[in-house]
Structures are given as C-alpha cells and as structure tokens.
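Hi,

Here is the structure I promised to pass on.

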Amino acid sequence: MIKGLSRRQTLRGALGVAAVLAATPHRGFAASKTLNILAHRVHQNSLTTGPAGDLTKAWRDANDANCEWATFDTNPLQDRLFREASLDRTDFGVGFLVNSRATTAAASLLHPLDAYQSSAPIEDFADIAPGLVSAMRFDGKLVSVPFRHATIGLFYNEALLEEQGIKAPPKSLEELVDQAKKLTFRSSAGTPVTGMVLASDLTVFPVTFARAFGGDFIGPDLKLVPDPAALEKALATLADLFKSGTLPRTYATTSNDDQVTWLQQGRAAFTVLPFARFAQLNRQDQSKYPGKIKAIEFPASQSLQGRMSSVVEFWAMSIPANARDKDLAWNFIRAMSSKAVTTGAARNGNGPVRVSTYSDPGFAADQPLAAVEARALAGARVPLPAFPEAARAQTIFNEEVQLTVLGRKTPKEGVAAIIERVKPLLAS
Amino acid sequence: MPPRNPAVVAGKAIAVGVILLWSLFPIGFMLMSSLKPGQEIFAVPPRLVFEPTLQHYGALWEKWAVFFRGLGNSFIVTLGATLLTVIASTMAGFVYSRERGRALEASALFLIVVRLLPPIVLTLPLFTIANMLAINDTHLVLILLYATFFVSLGTLLMRTFIDYIPRELDEAAMVDGASRLTILWRVIRPLSKQGMLALAVFVIVYAWNEFLFAFVFTSTRAKTAPLVISEMLGSFDGVDWGVLFAASSVQLLPILIFVIFMQKHLVAGLTGGAIKG
Amino acid sequence: MPAAVRGAGARLSRLGATLPFLAPAQLLVLTVIVLPALHIIWLSLSTSTFGKAPVFVGLANYIHVFGDTYFWRALANTIIIVLVVVHVELLLGLGMALLFASGLPARRLLLAAVLAPYAVSEVSAAVIWRFLFDPDAGPVTMALHALGLPGFEWSVDPAHGLAIVALLSIWLHLPFTFLIIYAARLAVPEELYEAARIDGASKLQSFRRVTLPLLMPAILLAALFRYIFVFRLFSEVWLMTQGGPARSTDVVAVYLYLEAFRFNAFGTAAATGWIMVMISMILGAGYLWGLRREMRAHAA
C-alpha cells in the first residue's frame, strides 16, 4: 500500500520524514539468526543495561544471533504469549511467563524442557530456588525456568518515623498498626501523611496480612482459606486501618505505582512492595526522601507461632511449543541462567533466583537489602497456587476484600463470601 | 447588531472562561508536569512556581529510542489509514448521495450496525486471521483496521457533504457523456476537498491515538507511540512520571498543532463548504 | 416487456454500475468485521480457553452471562453512563455552538482551545485526571474544598466513580459533538432568522422553529456515533477506576475484557459481545430510526 502511494509526488516528502523517523536507532546488524523474545521491559533491561553491561552480547557473538525484544506490560504480555503459542507457528522463541498465569492449560502450550535439561543442562540447576522450579512443573514436566523473583517486604520512611518520635521500625504486626496510626498526620513539609498505602487490585497484600496471622487465601495444597479466623483478623486489621484514615480514601482505586509515588513524596509512611523497588524509592531525581526509605521483612502478628512465609511472585523463561527454532531458544535460556549471568543481571537490578547469588561478594557488597531479601526468599511462597480458574478466584477475593475494607461487609461476612464464591472454582 | 446588554456580555465572558478552564487546564497541567523536576511532579500541595527543566525530555531521548520509532510508525499508519478511509468513504458517499433504493439504504444502515460489535471481541478471531495472512506486526494491518473502523462515519460524513454539491453539475457532465468515475474525479472531488479534509482530521486523530488494535497486532516493527507510552505506565522498577509526561507531550503536540491549524477546514468541511471558516 | 420487469432490470444495471464505488468500504467492513463476527458466533456457542480446543455447548454461555449479577450491574452502569454522557454532550455541544454562533471575539483562538482535548489520548488524559481529582490532595479537590464544596469521593462511592468516568469521557469527546453541531449551525442561512424576525418570532421561537429542526440531522449523527462509542466505553473506566471500588463501576466492555483477557473464557466473552450488539441495537433503535427518516427526507 505504502509502495503504491509513494509514486505520488505530494506524498514523497511526508514519507521521507516517516522513513527517517522509522529508521532511527535500530539495534542490530546482520547476524545469521534472530531470536525473538516476548518479555517485559524489566527483563530486557536487566539483561542488557546497567552496571554489569549487556549480558547477552557474549551469547549473541558466540551464536551469531540477534535478540529481537518485544516488550509489553504484564497482562498484555501473558496474553500475547498464549495467543502466539495457540497459533500453528510462532516466530517467538522465548517467552517470559509469570507464576500467577501458569495454569495446566497454559503449560500445555509450552515446550517441555526436561529433554533439553538432560542433554544440555543448565549450570548447577539445583541452585535455582527449588520452590520456584517446582511451581513450573506441570504433570511432572518442567515448562519454564525461573528468572526473576519479587519477594514482598515492608518499606518505611525513616524520616517520617523520626518526626513522630519512633526510633525503630515495627517488630510485630500489632506494632506496625500502632505506628501507622501515629504516622497519620501533617508532616513538617506540610504534606498530609497517611500511615500506610496499599494497592487494592493485587492479591498479594491481603494475603501477606493473612499470613502474618498464620492464615492464607488458598494454601499450597489447594485448601481454600485454611484458617478462616486468621483471614478474618487480617481483614479486620485492614478495615480498621481504612476506617481510622490510616489507609488513604483512594484505597479502592490505588495501584502499585501509586504506592511508589506516595512513598517518594512522603504522603505515606509505610507500604508493602517487592524488595526490588528499593532502588526506585530512593532515587535522587524522583524521591523527596532519597536514602530515607528502608525495608524489612513484613512483621508477623505476636499471636503467630513459628515463622511467617513471605509472598513471592516470579517470572520464568519458556519456549512456545510451536516455536520455529527451539534449539536456539534453549541455548539462550541456558546461557541466561548461568551463575555468572544471574549475578550480572542481579547487579543490573534483577531479583536473582539463585540462592548462591546472595552470598556472592560481588553482588551482596553493594546491596543493602541482600541479607534481608535472602532470608525472606528462603521461606517465601507464591500468593496462591496455580489452577485453571486462579484469575477469577483472585478477582473475587480482591472484590470481597475491598468490600470488607471499605466497611460494607464485616470481616466475617467477607470471609464467608470468599469461601462460598471461590469453592466452585476449585472444584472445576 | 443587537444592542449590547451588559448582562449578556458578562454571561458570555463567564461561559468562555469556564470553557477555557475546562478545556485547557488538564492539558496545561500535563505540559507543566513534563517540565517539573522529578520530585516536584506529585508534590502535595502542588507547586505552580518551579524551575523548569528539560531533563525528562533528555531522558526520553536517551532511554526510550523505541518511542521515537513508535512515532515514526504512528505517522506511517496514520497516513495510510487516512488515505484509505478518505478514498473509500468518498467513493461510497458519492453513491449514497446520488442514488436511492432499498438495497442501498440497507447497505448504508448495515455499515453502521456492524460498528456496534465491540472491537475488543473482534480481536480474538482477527489475530488468527492476521497471522494467517502474515500481516501481524506490519503497518498494513493497522491501516486496514483503522480504515475499516472509520469508514462508516466517513461514508456518512462524505454523503452529507456531497449532498450539498448541486446535482445539476453531475447531470450536466452526464449529458456530456461522462461516466460516474469521471464525474466523481472531475466534478465531485474538487468540490468536496474540504469535506475530505475534515474527515481526514477525524481519522488522523483517531489513528494517532488508537491503542487497542496497536496493542493486539503489533510487537516490534510496527509498534506505535501510544503503545510505548502505555508500556511506560506499567514497569516494574517503577513509572518515571516525568518521562511519561514528556512522552505524552511529545505525542500530543504535533496532533494538537495540526488540529488547530486545520480547524478552518474542519468547520468548512462539515458545513458542506457553505461557510468559509 | 412489463414495466415492473424493465424497472427491475434498470435497477440491477444501476446496481452493477454503483457497486464498484461501494466495494472498497463494504469490502473492508465485510472482511474485517463481518467474517470475524461469524467466527465469534461460533465461539459464543462453545467453551474455549488458551490450550483447549472449543467444545460446542449451545446457548450455555448466553445463559451464564444473563444469569450473572455482575453482567447486569455492568449493563446498568453502561446505560447510565450512555444516557448521561450522550445527552450532556449534546446539550453542552448545542449550547456552545449557539454561543460561538452568536459572535465571540477571537473566535478562532477560542475554537482551537475548545478542540484541544480531542487530540489528547485516553492514556494521557486518565493519568492527568487521576492526579487532578485525587480525593486527598488533587488540585481540583483542594479547590472544591476551598469553595466549601465536598470533593469527589470517586474511589469510595460508586456513584462518584461513575460520575468521574462520565466526566472524563465528556471532556475527551465534547469537541467532536460540539464540532458537528457547530458546523451545522453555521450552515443555517441567516436569511431564515431574518424571516423569522420579520414574522415577529421571539428568540426562543426562532430557535425552536428554525435552529432545532435544521440542526436535527447533525444532532442525530453526533448522538448515534457517540452512542456507539460510549456503549462500549472501556479505556476511561479501566484507566480511572479499573471498575472499582469492588467492581461497582464495571461497564459491559470491562466485563467482556475481564472474561476474555483475564479469565481467558472466550466463549462467555464472545457471547457478551453479541449480547452487547443486540442490546445496543434495541437501545439505539430510536437514533437509527431517526437517522433513516432523515436520509429518506433528504432523498425526496
């Protein structure tokens, strides 16, 4: 179409402009092979830019291949991956998969990797967090290799804590609630501060609170609300925070990007986010409190016996079953999972899935959170196990939590509704 | 001229003030945010006095080369979609304006009724079809989609416009033995330029900003600017709001200036050329 | 040869002559919308998801959607928003058109200002609005408080949530509606107003007898297109409230999006698509009928 039109005199100039624009920095030069990768920009960045440099270069040179990255936001990315994998053939060799979208049906679209792992194994495979690897096994088949994890921690603004005379961050959930209430005030900067900010569209936050009381939404063995009383306590705590103004009025429409800006602007004192957000929260050019935002493991309730397991979400690399060049794709996955690349990517800002990375002096030295994060990761568990209707179950859970937090339902009613509405989804 | 009633004048002034505030305040706010230092953008209370900086535009240029490629893609797609829509709509509008009949009327209504189907659900089968034709991630697929989704409004607009062109002109040409195609080219085309321009503005604004189709059908080669902006919104290491506002401003300015420059044709085009802006 | 047959023959040959002109528009619509739509009918009668081939289930998806309270809530919200947005836009657009037509200084410049929001993409607009209307610290909220008015509680109160979505949609699309009506108003010959004045008609009477009837085709056109677009309104809701709080501001398009892209239930999504077509046809019949009458009237 464009070709036909270009014959027209009048359009020549315009197309010239377009051609120049379209031709600006185009990566890559002639290589004999191209690997198309479906990813989030964060994956591309941690493998190609940062203090450790471009970690794909050695692989590209060795294999005479180009990497062509197609990047999307999480949900569109997963959707695109499954769509591509549903076709007869796809050009994409590697696709990044997030744990919450890995279901048995989705796994059936991906190429089983066990044969590759035995013929051309990944270096020290047992070092990759076993909890994450096992979550990527379906019917005994490994379909995806973990690449990045995001473990949840509690962030706080040290300066605001000091302003209200609080010396140390909370050691228990009860203390956290007290401190958060105290931190709902007008700061010396004139900014109205709310004690805590949480997004309401993500399951991880209420699940974190539930686990602090020893409860859960759906247990690892697919048991629905294993401890209703604990979940009730968690929701009651959140509802109390909202009622007392310790959670913002916008709670029900807050996103996790809002959490970041609120903390950076000193509009909230506490938030719950992946440890990986540490760098951004303290960025000189965005934050009003650079260096003042600290993180700890999320504190459990005093009533909890034993250890609380933090919530972790993770990304893994997979090969669509209909990919053209699976060998090249595996070759890439294998190279990107090596110990050296894992450490390099961690230095570029990735959450490393290898336990050994945290003890690597080249990494841990300039990572203030390495020890805390490693400890949290050791006991961490995904927010809920994968099952076909997991997405629907999360939507129901989030909705009932919102209703309870906003005070339209009592915690008892909320938990009862969750159980009643999610139960049929687990049966199917 | 009716006598100037001070109450009327005051009323008008207030109305104009409200209209300006309503239209321009959010846009001004965005442009201003793109010039604020990062820490100030979401400052509470917001600051109106600040030291403007171009740092976000610099960062956009350095870190998001893909955004500028996206602008190039948006440009190509917009251009193609506009040409296709204007040509198809003018041809169809010509016939609907000059001919009558039940079948024609039905086909005109059909053009509108099919538009009731939400594009979101159409993307399900279209993705497979586009892939079969191997036009996924090309400019062509977006051009075809945008043209299709604007051709019904386009046809209606062009029909209305051509209605204003006196039939006697084509009848005279017909007597001279001109074919329909000749009439369309020689008589209608020159006289309906402003209608076409007005339609072009609508298509251009739509194609420049469209998100859903771009997000389903493109990945690297034909990725458009709005898609890149939405990607900036959902990033794990956090949204860089300054850069986002800078990108939004860069994406907005050309189209805004274009619309402002075209307003004369826009108004004239919609009035059948009866009024010269 | 009987006249009727000769008439039919002539009609047929005329159709043959006009078909090539209609072909590009109709072909586009046929291949890009109609053929896929047929596939969607098949999808709506089966259940499928990623990694699972479709299984025929008859009307089960339709029954499921009609039995889902969330669908009805989304539909009610959609209808409220459509009614509010379309009519407020028409009223404001008409008012502004009359204001502009009554003579304003620096009309060009003002027109440019009014058209500006039309060029803003939905993504950018939603980002700005979320900040401007932040219930705790947004500039608009603070201005309202300063005037002693209550702020918008759009993330707590569903009614306010719908209101802000409607407001955003109006902000983005009022220029379109205004422009169509304004252009039609400019096309009304001044002599008609002269004549009305000579007949002793008051301003209101000349508005009702001259302006309104002559603007009707344009108003209907704007109404129909805005109606089609608002009925499947998605971005404004998704980017502002994500259907929250607690799914209370869901609209039908959000319901469909969740089914298709979050739950990957393509059967129910496809069924919802067709239900949307049917309902919007029933609700839009008035506009369509009016437009058809206008087209007929023009033909005469």
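Helices here are DSSP runs of H or I with at least four residues, numbered from the N terminus. As for α8(C) itself (residues 190–198), 0 of its 9 residues are buried, so this helix lies largely in the open. Buried means 20 or more other C-beta atoms within 10 Å of a residue's own, exposed means 12 or fewer, and partly exposed is in between, with C-beta atoms placed from the backbone.

Some housekeeping: this is a predicted model, in which local features need pLDDT of at least 70 and side-chain atom pairs count only at pLDDT 80 or more, while totals for chains, interfaces and linings use all residues. Residues are numbered from 1 along each chain as its sequence is written, and chains are lettered from A and ligands numbered from 1 in the order in which they are written.

Now the chain contacts. On the B–C side, 75 residues of chain B touch 75 residues of chain C, where contact means C-beta atoms, placed from the backbone, within 7 Å. The chain B side of this has 55 nonpolar, 13 polar and 7 charged residues. Nonpolar covers Ala, Val, Leu, Ile, Met, Phe, Trp, Tyr, Cys and Pro, charged covers Asp, Glu, Lys and Arg, and the others, Gly among them, are polar.

One helix pair to look at is α12(B) (residues 241–270) with α7(C) (residues 158–187): they pack at about 65°, axes 8 Å apart. They are therefore roughly perpendicular, a label for angles of 65 to 115 degrees. L266(B), V267(B) and L270(B) meet a set in α7(C) that includes L179(C) and I180(C).

L222(A) has a positive phi near 65° without being a glycine, and A106(C) has one of about 50°. L222(A) counts as exposed, with 11 C-beta neighbours inside 10 Å, and A106(C) is exposed with 10.

Cheers

Key: Axes fitted to C-alpha atoms, helices over the stretch in contact; angles between N-to-C directions. Helix = DSSP H or I, 4+ residues; strand = E, 2+ residues; numbered from the N terminus. Parallel < 35°, antiparallel > 145°, perpendicular 65-115°, else oblique. Contact = placed C-beta atoms within 7 Å.
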